[in-house]
Amino acid sequence: MNNPDWLNLDHVWLPYTQMKTAALPVPVVSASGVRLKLADGRELIDGISSWWTACHGYAHPHILKAVRDQLEKMPHVMFGGLAHEPAYKLAARLARMLPADLNHVFFSESGSVAVEVALKMAAQFWLNQGERRTKFVSFRGGYHGDTLATMAICDPEEGMHKLFRGVVPEQFVVALPDTKAHQSALHRLLDEKSSEIAAIIVEPLVQGAGGMKFHDAAVLAELKKLSQQHNVLLIFDEIFTGFARAGSMFACKEANVTPDIICLGKALTGGTVPLAATVATDRIFNAFHSDNADAALMHGPTYMAYPLGCAAANASLDLFETEPRLQQVRAIEAQLVEELSACRGGDGVRDVRVKGAIGAVQMNAPVDAVGLRSRFVETGCWIKPFGDVIYLTPPFVIDPRDLSKLTRAIVDVVRESSS
Ligand SMILES: Cc1ncc(COP(=O)(O)O)c(C=O)c1O
């Protein structure tokens with residue numbers, strides 16, 4: 001492939017990459033539907049949806065129009081003291097979609113910041129009642145972002161931030177309560193330490209970046225029960241699972257468990273403009289509602305409620321209302337189950353699992369992520385394995401033939417590595 005003349009590693013620092021040995025990334029010039037067009041004219045079918053954002057495919061005309069219209073009117077204004085319709089409309093729509101009284105929406109511009117805001121909200125919920133609680137409970141296999149506070153609640157041993165152990169404030173990162181023994185361990189921890197613990201935070205039903213690991217709704221019901229028994233808050237990080245990725249519009253709805261705070265991001269704008277949200281119940285909000293100015297939530301990112309992002313998010317929600325996204329996710333799920341099952345039993349394959357529009361083949365050992373990625377590109381697919389997992393999270397609009405090309409590429413690679 002002839003690379004374009006702008007592509008070199010002189011100035012750009014790549015994500016999660018050892019720059020000394022880094023391969024050049026793949027140059028893309030445009031994206032439409034489920035296809036990425038490369039600088040040399042080739043096209044790739046996208047199996048990742050740009051880190052799980054592009055749920056409607058790329059360049060959906062309805063979202064593009066909404067963003068263009070908003071761009072003409074007002075790309076941005078500060079949210080402190082000024083208001084704009086896209087944000088107020090979006091907040092009301094999210095509150096209507098979310099269960100129970102998750103009514104109060106705080107906007108930010110990335111998932112990590114949405115989680116930071118949730119942690120801060122939880123800590124200040126207690127501060128506003130005269131309690132100083134500095135700890136959080138999170139779970140092995142979990143991932144919540146790359147900023148300092150979010151690194152502290154990621155899996156400290158297997159997660160990508162293990163280097164930072166001892167640098168970030170230590171939190172209680174424990175096993176999910178998916179067995180009696182794990183339930184008892186969490187119960188004991190909460191018994192001993194609940195007066196220090198502001199909240200429990202979990203990615204409900206699917207731990208994404210920690211390895212596409214699934215757990216049952218019963219685990220979340222247990223967390224809800226324990227959080228109530230021990231009087232600590234419960235935060236759901238639905239930045240990955242939200243907006244139908246895991247099969248239901250939100251995992252909390254599928255599990256029928258309402259957290260005190262929920263974090264949304266990624267597919268919120270259909271993958272067009274960065275935007276995230278932290279949404280709290282009335283109880284949380286009311287703890288900030290006070291005659292005391294110091295009880296206010298002291299947070300306000302510069303691009304908070306970015307109008308282009310809110311316009312894109314409103315357009316994305318329109319598409320969930322007018323196009324059959326949940327049916328498409330169900331069809332993707334059925335096809336992934338059928339087609340990835342060919343990987344089962346292969347040498348080196350530990351597990352094959354599917355939930356909603358997430359299909360994962362877990363190997364016994366870490367894979368050669370960069371080598372496999374190039375291999376997939378050669379076959380016209382964009383699939384980006386990490387750790388021991390080769391996975392698909394395609395746009396929901398993918399047609400069955402394109403999805404089959406993606407699953408076939410994975411099956412071939414797994415078969416080859418078994419032979
Ligand atoms: C569950 C979860 N929380 C938080 C984040 C961080 O989001 P962002 O990359 O937008 O900061 C991610 C990103 O992968 C995520 O999957």
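Some terms before moving on. Strands (E, at least two residues) and helices (H or I, at least four residues) are DSSP runs, numbered from the N terminus. Two strands pair if DSSP finds at least two bridges between them. Axes are lines fitted to C-alpha atoms, for helices over the stretch in contact, and angles run from 0 to 180 degrees between N-to-C directions.

This is a predicted model, in which local features need pLDDT of at least 70 and side-chain atom pairs count only at pLDDT 80 or more, while totals for chains, interfaces and linings use all residues. Residues are numbered from 1 along each chain as its sequence is written, and side-chain values use heavy atoms, with hydrogens and water left out.

**Strands 13 and 14**

Zoom in on strand 13 and strand 14 (residues 358-363), an antiparallel pair with six bridges. Select Asp351 and find Gln362 of strand 14 opposite. Val354 likewise stands opposite Gly359 in strand 14. The hairpin of these two strands has two residues between them, and Gly356 takes a positive phi near 55° there.

Now select the open sheet of seven strands, ordered 4-12-11-10-7-5-6 with mixed pairing. Its edge strands, strand 4 (102-108) and strand 6 (172-174), each pair on one side only. The twist here averages 20° from one strand to the next.

Within this sheet, pick strand 5 (residues 135-139) and strand 7 (residues 197-202), which run parallel and are joined by three bridges. Phe136 stands opposite Ala199 in strand 7.

Helix 3 (residues 85-97) lies across strand 4, strand 11 (261-264) and strand 12 (276-281), at about 135° to strand 4. Helix 7 (residues 217-229) lies across strand 5, strand 7 and strand 10 (233-237), at about 150° to strand 10.

**The ligand**

Which residues surround the ligand? Select Trp52, Ser110, Gly111, Ser112, Tyr143, His144, Gly145, Glu203, Asp237, Ile239, Phe240 and Lys266; each has a heavy atom within 4 Å of the ligand. By class, this shell has four nonpolar, five polar and three charged residues. Here Ala, Val, Leu, Ile, Met, Phe, Trp, Tyr, Cys and Pro count as nonpolar, Asp, Glu, Lys and Arg as charged, and the others, Gly among them, as polar.

A backbone N or O atom of Gly111 lies 2.8 Å from one, a polar side-chain atom of Ser112 lies 2.7 Å from one, and a polar side-chain atom of Lys266 lies 3.0 Å from one. Taken alone the ligand exposes 390 Å², of which the protein buries 83%, by the Shrake-Rupley method with a 1.4 Å probe.

**Strands 2, 3 and 15**

Finally, select strand 2 (residues 35-38) and strand 3 (residues 43-46), which run antiparallel and are joined by three bridges. Lys37 stands opposite Glu43 in strand 3. Strand 3 is also joined to strand 15 (residues 381-382) by two bridges, running parallel.

Terms used: Contact = heavy atoms within 4.5 Å. Polar contact = N/O pair within 3.5 Å; in protein donor to acceptor, adjacent residues only side chain to side chain.
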